[in-house]
Amino acid sequence: MILRQYTFELLPVERLGVITSISWIGNGNSLIFTDVMLNISGEDIDPITYTINKGMFIEDVTLTAEEVKNKDRLLSEKIYTISSEPNSALFQGIKEIGSTFTVQYNEQDQYQYSLAIPHDGNKVEDDIIISVVAKYADGNSEQQNIVVNQESSSISLLLKLN
């Protein structure tokens, strides 16, 4: 399994007002959001499972005005924090995926989840790990751990070497 190092910019400015709306219970820290595309390449890989030990995976979703009116559906699908641009018929929401998700190898380009990670206002918490388990067609599996690290104004994901 090949995992690449990803670096992406931290963009908290647009989302600061909505951070507390996520139904996450932690140690009092806020959550900061950053987009990430996790992608694995290799041979004969079937499902891939990602698990984060602190924080959660979320997905940005676009909703119509009719969908926004259906509050029961929004809550059952864990869609929170809905906003819209002035004079727009579309709304943006945040869907809570949770601390784990599984994706099929041939479908991984279809999903782009964001990370909602604990942040004290200055930096992300220490020891945030994303565990990646790839299951192969022959039934074997391989696990790699990725460390979430903050470097000034960006977050990087680094393969953890044992």
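Analyst: Happy to. Helices (H or I, at least four residues) and strands (E, at least two) are DSSP runs, numbered from the N terminus. Read that way, the chain runs β-β-β-β-α-α-β-β-β-β-β-β-β along the sequence, which comes to two helices and eleven strands. This is a predicted model: local features need pLDDT of at least 70, side-chain atom pairs count only at pLDDT 80 or more, and totals for chains, interfaces and linings use all residues. Residues are numbered from 1 along each chain as its sequence is written, and side-chain values use heavy atoms, with hydrogens and water left out.

User: Thanks! What share of the chain's residues is buried?

Analyst: Of the 162 residues, 39% are buried. Buried means under 20% relative accessible area, exposed over 50%, partly exposed in between (1.4 Å probe, protein chains only).

User: And how many aromatic pairs does a search of the whole structure find?

Analyst: The search turns up three. Rings of Phe, Tyr and Trp (its six-membered ring) pair if their centres lie within 6.5 Å; planes under 30 degrees apart count as stacked, over 60 as edge-to-face and the rest as tilted. One of the pairs is Tyr50 with Phe101, stacked at 5.0 Å centre to centre with 25 degrees between the planes. Tyr50 sits in strand S3 and Phe101 in strand S7 (residues 100-104), so this pair ties together parts that are 51 residues apart in sequence.

User: Nice. What other ring does Phe101 pair with?

Analyst: Phe101 also pairs with Tyr113, edge-to-face, at 4.5 Å centre to centre and 75 degrees between the planes. Tyr113 lies in the loop between S7 and strand S8 (114-119), twelve residues from Phe101.

User: Which residues do the ring pairs link into a cluster?

Analyst: Tyr50, Phe57, Phe101 and Tyr113. Tyr50 is buried at 2% relative accessible area, Phe101 is buried at 10%, and Tyr113 is buried at 11%.

User: Changing topic: where is Val36, and is it buried or exposed?

Analyst: Val36 is in the loop between strand S2 (30-35) and strand S3 (45-52). Val36 counts as buried because its relative accessibility is 4%. Its C-alpha atom is 10.0 Å from that of Tyr111, 75 residues apart along the chain.

User: Last one: where is Gln144 found?

Analyst: In strand S10 (residues 141-151). Gln144 is buried, with a relative accessible area of 19%.
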